[in-house]
Amino acid sequence: MSSPATFLGGEPRSTRRPPARHWTLIAVALGTFMTYLDNNIINVAIPTIERSLHLSQSGVEWVVSAYILVFASLLLAGGRLADLFGQKRLFMIGLSVFTAASLIAGLVGQVDLLIASRALQGLGAALLTPTTLAILKTTYTDPREQARAVGAWSAVGAVALAAGPLLGGVLSQHVDWHWIFFINVPVGLATLWLGARVIASSDVPIRRSIDTRGVAFSAGALLTLTFALIEGPQIGWTAPSIVAALAATPLAVIAFVIAERRAEDPMLDLSLFANRTFTGATIALMIWAFGLFGIYFFTSLYLQRVLGFSATTAGAAFVPMAVLMAFGAGISDPVAARVGAHRLVSAAMGLMGLGIVSVSLLGAHATFGDLMPAFAMIGIGGGLTIPLTSTILGSLPDERAGVASAAFNASREVAGLLGITIIGVILRAGQTAALHHGQPPLTAFLSGYRLGLVVAGVLVCAGGVAAWVALRDLPSSRKAAGEPLRVPLGQTPITAAD
């Protein structure tokens with residue numbers, strides 16, 4: 001007898017074909033674009049918001065961090081809820097919350113309400129984001145079509161990565177800072193209308209209990225870690241609140257592991273990490289995010305502080321990088337089919353790491369054109385790593401697709417915060433050393449910035465080695481095609497040597 005989990009609306013999953021799959025992809029891509037955009041659209045607008053609302057330094061930090069804090073902390077919980085209550089239902093709820101919170105953020109004129117609305121945006125994003133990859137996984141059942149859909153999804157994320165600073169700079173400089181939030185409202189309403197019509201329902205035919213302890217401990221671990229990473233550089237790593245958060249994080253992780261091992265229906269099956277492909281690909285993906293988000297944040301400062309670019313010009317400098325990243329994501333599937341996913345991803349991360357190091361060679365007099373070769377390497381290399389995403393997504397069965405998507409996004413968000421924090425620590429250490437040697441502040445900043453980029457570039461190249469190890473033992477037929485490997489829970493891949 002077939003498991004109820006293999007049925008949807010009384011039809012076997014293998015014969016289900018959601019209507020207008022390309023429109024489903026568009027709806028999912030629009031939702032993804034909105035949440036990714038909010039990760040960085042506010043950064044270049046902060047000086048304008050600070051002057052408008054008369055913010056203190058603490059207020060500035062919380063306006064930026066409230067979104068990331070709630071988003072990263074609740075991603076795994078959102079993925080679990082998507083698996084329990086249906087992907088479409090959570091997509092629509094999360095999108096509704098995010099859109100409403102964006103409208104509130106644009107309307108408010110007080111810092112406490114702005115921070116609260118940013119946190120509410122994070123809640124909506126945490127419910128919405130895990131469903132995006134899960135919907136693609138269940139909509140595109142053919143591995144090659146699924147890989148192309150994931151490539152398109154990743155390309156949209158790359159575009160949002162560049163559009164954030166550009167839109168934030170243009171709107172805050174030439175329109176009004178409130179529009180960095182208002183811009184989400186018409187897009188959100190249009191996506192709600194489209195999603196309601198084209199995304200197939202994913203009713204859950206069997207009743208499961210919610211792993212409340214797993215949700216609580218995972219959210220607690222991410223919450224304390226995220227808080228420490230955001231606030232540590234500002235108030236000091238030895239501050240009592242930071243020490244307490246750093247001490248609480250491993251305790252919450254240990255409690256989470258114990259709870260998941262004992263749970264009858266755990267939120268995250270820990271046996272997945274016995275699969276070397278899944279674990280290795282996740283590590284490589286985290287290193288990718290560490291390098292990309294870390295250099296992205298500090299390069300924005302370099303462009304404005306050292307090169308004297310305006311906010312709009314600095315945002316525009318990232319557009320070619322994002323276009324090439326989207327292009328790389330689009331061609332990653334056929335290229336992987338020709339050369340093998342392990343070779344492609346390893347070479348792509350090596351190219352990306354080389355591009356990051358190349359930026360460190362530029363000085364205080366670099367021009368817009370001088371930036372482009374290095375930015376091009378980062379963009380095309382970052383886009384060609386998409387087979388990592390397909391591998392992670394394909395490592396879980398369909399009924400765990402929400403958790404797969406949540407684990408992917410949570411690992412990337414946390415790694416991105418680590419990149420910003422650790423590279424920031426390296427930058428400040430190099431800057432302090434240069435100041436002690438009598439260098440002027442601008443030169444000292446450039447010295448620390450260069451050191452941080454070199455470290456990030458070397459780590460990304462090391463991530464290429466991790467990707468090679470993770471993907472090299474895929475069965476030869478799937479390695480050649482760049483298809484995601486589907487491995488039963490708790491089992492490691494069978495190699496050709498076996």
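Q: What kind of model is it, and how many helices and strands are in the protein chain?
A: It is a predicted model, and the protein chain has 19 helices and two strands.

Q: How much of the chain counts as buried?
A: Of its 498 residues, 56% count as buried. As for contacts in the protein chain with a separation of 6 or more, 82% of them are accounted for by residues 24 or more positions apart.

Q: Let's turn to helix packing. At what angle do α14 and α18 pack?
A: Helix α14, residues 341-360, packs against helix α18, residues 441-471, at an angle of about 175°, and the two axes are 8 Å apart. That angle makes α14 roughly antiparallel to α18.

Q: Which classes of residue make up that contact?
A: By class, the contact of α14 with α18 has 17 nonpolar residues, along with eight polar and two charged ones.

Q: Changing topic: how many aromatic pairs does the count come to?
A: The count comes to eight aromatic pairs. One of them is W177 with F181, whose ring centres are 6.3 Å apart and whose planes stand at 90°, so this pair is edge-to-face.

Q: Are those two buried or exposed?
A: W177 is buried, with a relative accessible area of 3%, and F181 also counts as buried, at 0% relative accessibility.

Q: What about the rings of F445 and Y449?
A: The ring centres of F445 and Y449 are 6.3 Å apart and the planes are at 5°, so that pair is stacked. F445 and Y449 are four residues apart in helix α18, and so they are separated by about one helical turn. F445 is buried, and Y449 is buried as well.

Q: Which residues form an aromatic cluster?
A: Y67, F71 and F98 form one aromatic cluster.

Q: Where is G122, and what is it in contact with beyond its neighbours in sequence?
A: G122 is placed in helix α5 and is buried, with a relative accessible area of 0%. Leaving aside neighbours within four places in sequence, G122 is in contact with Y67, V70 and F71, and two of these, Y67 and F71, belong to the aromatic cluster with F98. The C-alpha atoms of G122 and I68 are 6.4 Å apart in space, whereas the residues are 54 apart in sequence.

Q: Now α8: what span should it have, and what are its end C-alpha atoms apart?
A: Helix α8 covers residues 184-198, and at 1.5 Å a residue its 15 residues should span 21 Å; the end C-alpha atoms are 21 Å apart, which agrees.

Q: Which of its residues are buried, and what covers them?
A: The buried residues in α8 are N184, V185, G188, T191, L192, L194, G195 and V198. What covers the buried residues of α8 includes α1 (21-40), α4 (87-107), α5 (111-139) and α7 (179-182).

Q: Last one: is Q146 buried or exposed, and which helix is it in?
A: Q146 is found in helix α6, residues 143-174, and at 2% relative accessibility it counts as buried. Q146 and L133 are 13 residues apart in sequence, and their C-alpha atoms are 9.9 Å apart in space.

Key
Residues are numbered from 1 along each chain as its sequence is written. This is a predicted model: local features need pLDDT of at least 70, side-chain atom pairs count only at pLDDT 80 or more; totals for chains, interfaces and linings use all residues. Side-chain values use heavy atoms; hydrogens and water are left out. Axes are lines fitted to C-alpha atoms, for helices over the stretch in contact, and angles run from 0 to 180 degrees between N-to-C directions. Angles under 35 degrees count as roughly parallel, over 145 as roughly antiparallel, 65 to 115 as roughly perpendicular and the rest as oblique. Ala, Val, Leu, Ile, Met, Phe, Trp, Tyr, Cys and Pro count as nonpolar, Asp, Glu, Lys and Arg as charged, and the others, Gly among them, as polar. Rings of Phe, Tyr and Trp (its six-membered ring) pair if their centres lie within 6.5 Å; planes under 30 degrees apart count as stacked, over 60 as edge-to-face and the rest as tilted. Buried means under 20% relative accessible area, exposed over 50%, partly exposed in between (1.4 Å probe, protein chains only). The expected span of a helix is 1.5 Å times one less than its number of residues. Contact means heavy atoms within 4.5 Å.
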